[in-house]
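Here are my notes for you on this one. Have the viewer open while you read, and click through the residues as they come up.

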Amino acid sequence: MDPARPQSPIRLHRMALSGHSHRVELLLSLLGLPYENVDVDLAAGEHKRPAFLALNAFGQVPVIQDGDVTLADSNAILVYLEARYAPGSWMPREPLAAARVQRWLSVAAGPLAYGPSVARVIALFRRPDDPAPYVARAHQLLAVMEQELAHSPWLAGDTPTLADLANYGYVARAPEGGVSLGGYPAVRAWLRRVEDLPRFLPFARSPIGLDE
Ligand SMILES: N[C@@H](CCC(=O)N[C@@H](CS)C(=O)NCC(=O)O)C(=O)O
């Protein structure tokens, strides 16, 4: 048995429009691991029913099942897959370099999730909430990203890491939530670099919001 290959396809419980799900599928694709998608019907409340809550008590996608391992939380899944199947390739082990990746995983779980991601969800699902504070938060985040990516090709250094995969989706689709990327040339160049990675997997587009 090859320890670097799953014995059977990894099951990814996901929603196609979820950037949290996309980042996991992106890594599965980049690593060339066998997997199958299990679409969870969030609109029907499937994620709050006992069968799904048994996989993730928080009632959120994504969740993976890899043999006897069941694991929720997109960034935790990224860390697990990298460590199990491609150690050192997308997450450096040198302390400071690893911490720099973790810093951006925290950004993905914080300002990214509560800025451009929410602005997009409001537009996508026509929620009655005011998108303005989320759009403003998105621009604060993009300004920082722009500053850092002006000096570095990747978010956490000279090579692509989990930091880039975790942040890609909701930045790439920020225009769908009315957040223009027009003023952020370094961010746009970084998005293209991610898209040029071998076995890159695109994130679904929706015909809403701005073009770029
Ligand atoms: N921290 C979680 C957040 C996941 C998340 O927010 N998932 C959304 C879809 S993008 C979800 O399942 N929302 C349904 C809900 O919270 O009820 C992760 O990184 O996986």
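1. Start with the ligand: it sits in the largest pocket. "Sits in" asks that more than half of its atoms lie within 2 Å of the pocket's grid points. A pocket here is an open set of points on a 1 Å grid over the protein atoms alone, where a 1.4 Å probe fits, with protein on both sides within 12 Å along at least five of seven lines.

2. A word on what you're looking at. This is a predicted model, where local features need pLDDT of at least 70 and side-chain atom pairs count only at pLDDT 80 or more, while totals for chains, interfaces and linings use all residues. Residues are numbered from 1 along each chain as its sequence is written, and side-chain values use heavy atoms, leaving out hydrogens and water.

3. Which residues have polar atoms by the ligand? A backbone N or O atom of V61 is 2.9 Å from a ligand nitrogen, and a polar side-chain atom of D73 is 3.0 Å from a ligand nitrogen. For S74, a side-chain N or O atom lies 2.6 Å from a ligand oxygen. On its own, the ligand has 510 Å² of accessible area, and the protein covers 73% of that (Shrake-Rupley method, 1.4 Å probe).

4. Now check the backbone at two of those spots. The peptide bond from V61 to P62 is cis, with omega near 5°, and P62 lies in the loop between α2 (50-53) and β3 (63-66). D73, in the loop between β4 (69-72) and α3, has a positive phi near 90°. Why point these out? Because most residues other than glycine have a negative phi, and most peptide bonds are trans.

5. Is R14 buried or exposed? R14 counts as buried because its relative accessible area is 14% (buried is under 20%, exposed over 50%, partly exposed in between, with a 1.4 Å probe and protein chains only). R14 belongs to strand β1 (residues 10-14), and its side chain makes a polar contact with the side chain of D39 at 2.8 Å (N or O atoms within 3.5 Å, one able to donate a hydrogen and the other to accept it; neighbours in sequence count only if both atoms are side-chain atoms).

6. Compare N75, in helix α3 (residues 74-85): N75 is buried too, because its relative accessibility is 9%. By contrast, R199 is exposed at 53% and lies in the segment after α8 (185-195). Helices (H or I, at least four residues) and strands (E, at least two) are DSSP runs, numbered from the N terminus.

Methods
1 Å grid on protein atoms, 1.4 Å probe; cavity = no way out; pocket = protein on both sides within 12 Å on 5 of 7 lines; lining within 4 Å.
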